[in-house]
Structures are given as C-alpha cells and as structure tokens.
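Biologist: I've got a chain open on my screen and would like a quick walk through it. Can we go piece by piece?

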Amino acid sequence: MLPELRDARLWSRALTARRARNAYRIWSSFRDAKRTKVPRIKGMPISISIEPTTACNLRCPECPSGLRAFTRPTGNLKHGLFEKVIDELGQDLWALTFYFQGEPFINPGFLDMVKYASDKGIYTSTSTNAHFLDEAKAEATVRSGLSRLIISLDGTEQETYAAYRREGTLSKVIEGAERVVKWKKKLKSATPHVVFQFLVVKPNEHQIPEARKLAKQIGVDDLWLKTAQIYDPKDDHPLIPTQDKYSRYRRNANGVWEVKNALDDHCWKMWNSCVITWDGRVVPCCFDKDAHYVLGDLSKQSFREVWNGDAYNAFRATLLKSRSDIDMCRNCSEGSPVWT
C-alpha cells in the first residue's frame, strides 16, 4: 500500500460516528457564521494543538523559541492537565497535534501523553528537529502509537541546514530518521507515518531534488516542502526564496511586501481547532506564538466553558467583521501551499 494511503487509513480509523456528527455540526455552524456574521458554534473542536514544552535546543532565526524571545512563561506540559483536556474532549476529538512552540521530545513525559491519546483512538502527530531520537526514543516513539512524525530536514548539507536550524546537526536528523524507520520495520508497525518537512528558504532552495533523493534513500514515507514565515519581509531578506512559488510573500503595487493570501473575513480554524499552551491557556491558533490572545485558562475553567465563552465568541465576531484588524492574521499562511 502506498504510504499516503496508509496515512489516510489512519485518519479514517480515528473517525467514529460521534466524531463524524460533531464534525458536521462544526462545519454547518461555520457555514452559517460566514453567511450571517453571527459566531454561533454547535460542537466541539475537531482537532487541537497542545504544547508539550516551550524549550528548544536550537536557535532558528524566525522562531520565538529559538530566539528565546517569549514574554509568556516557559515550561513543560504536565500529565494531569493533559489528561483533563483529553478526558473532556476525547470522544469528539478526531486529531491531536503535539506541537506549538519548542521541541516536544524535551518534555520527559511526552511519549506517555502520546500513548494516552492514541489509546483513545485519536489521530496523533508531532513535529521534531530529531536531535533526541536515539535508539531508545526511536523505539518508544514507534511503540507509543504516534500516527505521524514530522521531521524538520531543511537542508541536505550541514551548511545549508544550519542556515536556518542554527546550532543543529544534520547528521543527527538523518540518524534519528533512520532509527525510526528501522524500528517501524522491526516492530512491523504502520505508524508513525514519517514525513521529512523541508522549509524552503533562500540558502536551501536549490537542494530540493537532493532532499527528495535523501527521503527515498532513508525510506521515510513522504517529503513536504513548506513556505517559511518571515516577520519582516523585505528585498534583501536572507531567507526569502528566489523562486516565487516557495515564498509566502510578494510586493504589492505600492512596492510593499505582503502575504500572498487574501484575508477573507472568516477562518475555518476558529471553528474547528485551537491551541493549548503548556500551562493551559487557550489561544486561537498557531500564529499566536506568544499567547497575546488568551481566550481562557484550563487551570480554572473547563474546555467547554472556554470554547463557548464570551471571549472566544467576541474574537470570532471580530474576525467575521474585519480579519485584517487582528495582528496575527496579517501574517497568516492559511491556504498557502505545501508541496509534496
């Protein structure tokens, strides 16, 4: 079976009748909100992202974790808070991403949390720089039931890799990927679906063909090419690719750099998903990296109270009225292509 079909089968296995009914309620309420501009919501999220940690071993130049630039507290997600969230949402939740900021494998309880969610039939995924995938971690990752493992590649030579993944070592990434592939074969496991994610930036854009060869050589299931978020796009920016199709940005008629995507006054993510920080704060999406738009606190509220609360609905109403008035939305890549 082709790798992408195996991954699709994993997605379908996570879909129960209850999750399907919830997904339909969410989709229909989003459709109605676009038409009426009234932010009613009829179900619980289809997917969420939860942050295992804010810590990271690398210093990537466009990442708050890498820059050590957070104004919010840093720390590791605790198992008790995680169980509370999953116990409340698990029956309706289709997919769970263990990532927001930071390197997930730094949290010592990360894979135990993956197993807890996987045992409830939830499709689970994470993104890693792969520096912690020694033999023990690679085996434990496969045994955890993790559905998808995204590994940041970002170069096929150390120099180009380190242009973005600063203080990183490409050989560790390759070795980590090889170990996971090996343990999948040894344990005869269909999971995790292993993806090399290649963040296309100016120093590495010429290496896309080599990245495809490397992915095939190692035996990972897929290669994704992703556009990079740039906080201050400009003509001489060292990371914006020369190939336009790999850039999120363009100069408008006035010569000002802007995101290519149109900022329509609606957003599917505000109805189907959210992000939970390591300390239990709920924020709208992954573009709110420093948690400026906190819509609730799960250390004090249930998720349902937050999801249906006044703060969340006020945020949805603002977005339906004028999305461009929300700072984080102006750099949003929702709808930007990811190539395979």
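Biologist: Where is Lys188 found?
Modeller: Lys188 is in the loop between H8 and E5. Before we go on, keep in mind that this is a predicted model.

Biologist: Okay. What is phi of Lys188 near?
Modeller: Phi is near 50° there, a positive value in a residue other than glycine.

Biologist: And is Lys188 buried or exposed?
Modeller: Exposed, because its relative accessibility is 77% and the cut-off for exposed is over 50%.

Biologist: Which other residue has a positive phi although it is not a glycine?
Modeller: Glu167, with phi of about 70°. Glu167 lies in the loop between helix H7 (158-164) and H8. Glu167 is exposed too, with a relative accessible area of 58%.

Biologist: Back to the loop between H8 and E5. Which peptide bond is cis?
Modeller: The one from Thr191 to Pro192, with omega near -5°. Pro192 is found in that loop, between helix H8 (170-186) and strand E5 (193-200).

Biologist: What does Lys184 touch?
Modeller: Not counting residues up to four places away in sequence, Lys184 touches Val142, Ser189, Ala190, Thr191, Pro192, His193, Val194 and Asp221. Lys184 itself is found in helix H8.

Biologist: A lysine, though. Is Lys184 buried or exposed?
Modeller: Lys184 counts as buried, because its relative accessibility is 11% and buried means under 20%.

Biologist: How many residues apart in sequence are Lys184 and Thr141?
Modeller: They are 43 residues apart in sequence, and 9.5 Å apart in space, C-alpha to C-alpha.

Biologist: New topic, the sheet. What is the order of its strands?
Modeller: The order is E6-E5-E4-E3-E2-E1-E9-E10-E11, in an open sheet of 9 strands with mixed pairing. The edge strands are E6 (222-227) and E11 (296-297), and each pairs on one side only.

Biologist: Remind me, how do strands of a sheet pair?
Modeller: Through backbone hydrogen bonds, and the strands can run parallel or antiparallel.

Biologist: Which strands pair in the antiparallel sense over 2 bridges?
Modeller: E9 (residues 275-276) and E10 (residues 281-283) do. There, Val275 has Val283 in E10 as its bridge partner.

Biologist: Let's look at E3. How many of its residues are buried?
Modeller: 6 of its 6 residues, and E3 spans residues 123-128. Both faces are covered: Tyr123, Ser125 and Ser127 are buried on one side, and Thr124, Thr126 and Thr128 are buried on the other.

Biologist: What does E3 pair with?
Modeller: On the E2 side (residues 95-98), 4 bridges join the two strands, which run parallel. Phe98 stands opposite Thr126 of E3. To get from E2 to E3, the chain passes through helix H5 (residues 110-118), and this β-α-β crossover is right-handed.

Biologist: And E4?
Modeller: E3 is joined to E4 (residues 148-152) by 4 bridges, and that pair runs parallel as well. Thr126 turns up again here, with Leu149 as its bridge partner in E4. E3, helix H6 (residues 135-143) and E4 make a right-handed β-α-β unit.

Biologist: Where is the place of Asn129?
Modeller: Asn129 is in the loop between E3 and H6. Asn129 is buried, with a relative accessible area of 4%.

Biologist: Which side chain does the side chain of Asn129 make a polar contact with?
Modeller: With the side chain of Asn57, at 2.9 Å. Leaving aside neighbours within four places in sequence, Asn129 is in contact with residues including Cys56, Leu58, Glu103, Tyr161 and Val173.

Biologist: Zooming out, how many helices and strands are there in the chain?
Modeller: The chain has 12 helices and 11 strands. Of its 340 residues, 54% count as buried.

Biologist: What radius of gyration does the chain have?
Modeller: The chain has 20 Å, which agrees with the value near 20 Å that a compact globule of 340 residues would have. The C-alpha atoms fill a box of roughly 55 × 50 × 40 Å along the principal axes.

Biologist: Last one: what share of the contacts comes from residues 24 or more positions apart?
Modeller: They account for 69% of the contacts with a separation of 6 or more.

Methods:
Residues are numbered from 1 along each chain as its sequence is written. This is a predicted model: local features need pLDDT of at least 70, side-chain atom pairs count only at pLDDT 80 or more; totals for chains, interfaces and linings use all residues. Side-chain values use heavy atoms; hydrogens and water are left out. Buried means under 20% relative accessible area, exposed over 50%, partly exposed in between (1.4 Å probe, protein chains only). Two strands pair if DSSP finds at least two bridges between them. A crossover is right-handed if, with the strands pointing away from the viewer, the path from the first strand over the helix to the second runs clockwise. The radius of gyration is taken over C-alpha atoms; the globule rule is 2.2 Å times the number of residues to the power 0.38. Contact means heavy atoms within 4.5 Å. A polar contact is a pair of N or O atoms within 3.5 Å; within protein, one must be able to donate a hydrogen and the other to accept it, and residues adjacent in sequence count only if both atoms are side-chain atoms.
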